[in-house]
Amino acid sequence: MKGYKITNCAQDKRIGVVGNSREEVFTKGCQKLKLDAVNVTMMTLDGTVIDDEEYFQLLPAQTLFIFRLNGETFETGADLVYNVLAAVNNDTLKTSIKIKSFMDENIKEKIRILSSVLDIDHNKQINLTSCSLRSKDPEWFQDLDTRAKTKEEFMFKRCQERIRSYMYKTKTDMIKSDFYIQHKKCRQYLDEVYKQFSELLTKNKYHGYYFDRSNPNCLCDKTGTFTCEGAWNQSICSYERGTGHKINPYQNRECRIIFSTWNLDHWVERSRSVIPALFEASVMASEVGCSINMNYFYDLLFTTVNLKLVHIVCHDKGQHISAKCDPNLYLKNKQTINNYVNNHLKSDFFGNKKISNIN
C-alpha cells in the first residue's frame, strides 16, 4: 500500500491518503475533500487525467493528485512558471504589474516572453549546469517528489512518463471505440499488437534516454541543451531570429519547469491518423490471416521516427492534414497487402461507404 497526496483546485490544503488502487485513492480523496465523486476528475499537476488503473500503478508514492470539480480550473504549469520567476526577483516581472493578466490570456506568448527574460547569474549557472548529483545542486530538485539522485535519472523518468502516457492513451482510445467493441475478430489483432507494444516499450525502457544527456541517443547535446525541431509542417524552428528555440533544463530549476511545457509532437497524429490506421490494419489482417506490422505502428506512436520535440509556441494542435499513414506498411507481408488490395473491397466500419484502392 502506497501513500499519496491529494488537494483541491484551490490547492489551499494537502491531505495524505493511502491506497492500493486508483478507485480506493479516488474514493478516499472525495470523502476527505468532501466532494461529490460523480462530478470529480482526478488528475496530476500537469493536467493528466488519471482514469486508468494500469497507469495509476506506475505512478510513484507521494504523487500529488488534483481533485477537480466539473467547471473548476487550477493553477497550470504556466502559472507555476510565473510564480517561480517572480520568486527569483526577476526585475522585469517585479516592475510589470500587467504581466500576470497578459499571461493568463495567451499561454504560448507568455512562455515565449518568460523564456526570453531568464537572465540569472550566468557564471554560476554554467557551473551548476554541469552538476548531476542532487547533493551538488539541491535547488534544481526543489519541490520534486522523486527519489532520483541525479538530474539525468530524473529527466530519464520524466521522458518515460510521456511515452508511457502515449501508450495508455492509445489503449484507452482503442478499447472505448465502437469499432473495438463491435468487431471481435479485429479486436484479437488489436490486443495482440498492443501486447507487443508493451513488451517492446519495456525492453526499450520507454525511450527515457531521449531526455538523458548522458546517453548517446538523447535529443540534446552533451551539456543538456535541447533545440526545437519546428512545427509539424516545418523542417526547422524559425523562431528567435532563425536560431530556433533552445533550452537547457539541466541548467536550473526554472529552466526545468519551462521545459515541461515543451512537447513531443506526433507528426502523423496519434488520435486522428495512427489509431484509425490500426483499425484498418486489423481489418486487413483478419481478412488475410496476416499479422499487423507492429514495428511500423510502434515507430509512429513512440519513437522519433514520428515524434518531434517542439517548443510550446511551435506545437500546432490543428489537424496535420498532409501527414498520413502508409497502408502499404500496415501488415508484415507486403505481397499479402498487394493481393488484398487488388482482390477485395474493404468495408469502412466508420460509415456506410466502401473504401477501395487504399494504396
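Predicted model: local features only at pLDDT ≥ 70, side-chain atom pairs only at ≥ 80, totals over all residues.
Local features need pLDDT of at least 70, and side-chain atom pairs count only at pLDDT 80 or more, while totals for chains, interfaces and linings use all residues. Residues are numbered from 1 along each chain as its sequence is written, and side-chain values use heavy atoms, with hydrogens and water left out.

**His-266**
- His-266 sits in strand β7 (residues 263-266); strands (E, at least two residues) and helices (H or I, at least four) are DSSP runs, numbered from the N terminus.
- His-266 is buried at 7% relative accessible area (buried is under 20%, exposed over 50%, partly exposed in between; 1.4 Å probe, protein chains only).
- The His-266 side chain reaches the backbone oxygen of Leu-301 at 2.8 Å.
- Contacts (heavy atoms within 4.5 Å) of His-266 include Tyr-166, Asn-306 and His-320, not counting residues up to four places away in sequence.

**Salt bridges**
- The count is 11 salt bridges (a side-chain nitrogen of Lys or Arg within 4 Å of a carboxyl oxygen of Asp or Glu).
- Arg-213 pairs with Glu-152, with the closest N and O atoms 2.7 Å apart.
- Arg-213 lies in the loop between α10 (184-203) and β5 (226-227) and Glu-152 in helix α8 (residues 151-175), so the pair ties together parts 61 residues apart in sequence.
- Both Arg-213 and Glu-152 are buried.
- Arg-270 and Asp-173 meet in a salt bridge at 2.9 Å, N to O.
- Arg-270 is in helix α12 (residues 270-288) and Asp-173 in helix α8, so this pair ties together parts 97 residues apart in sequence.
- Arg-270 is buried at 13%, whereas Asp-173 is partly exposed at 32%.

**Within helix α8**
- Lys-157 and Glu-153 form a salt bridge, with the closest N and O atoms 3.3 Å apart.
- Both lie in helix α8, 4 residues apart, about one turn of the helix.
- Lys-157 is partly exposed at 34%, and Glu-153 is partly exposed at 30%.

Notes. Polar contact = N/O pair within 3.5 Å; in protein donor to acceptor, adjacent residues only side chain to side chain.
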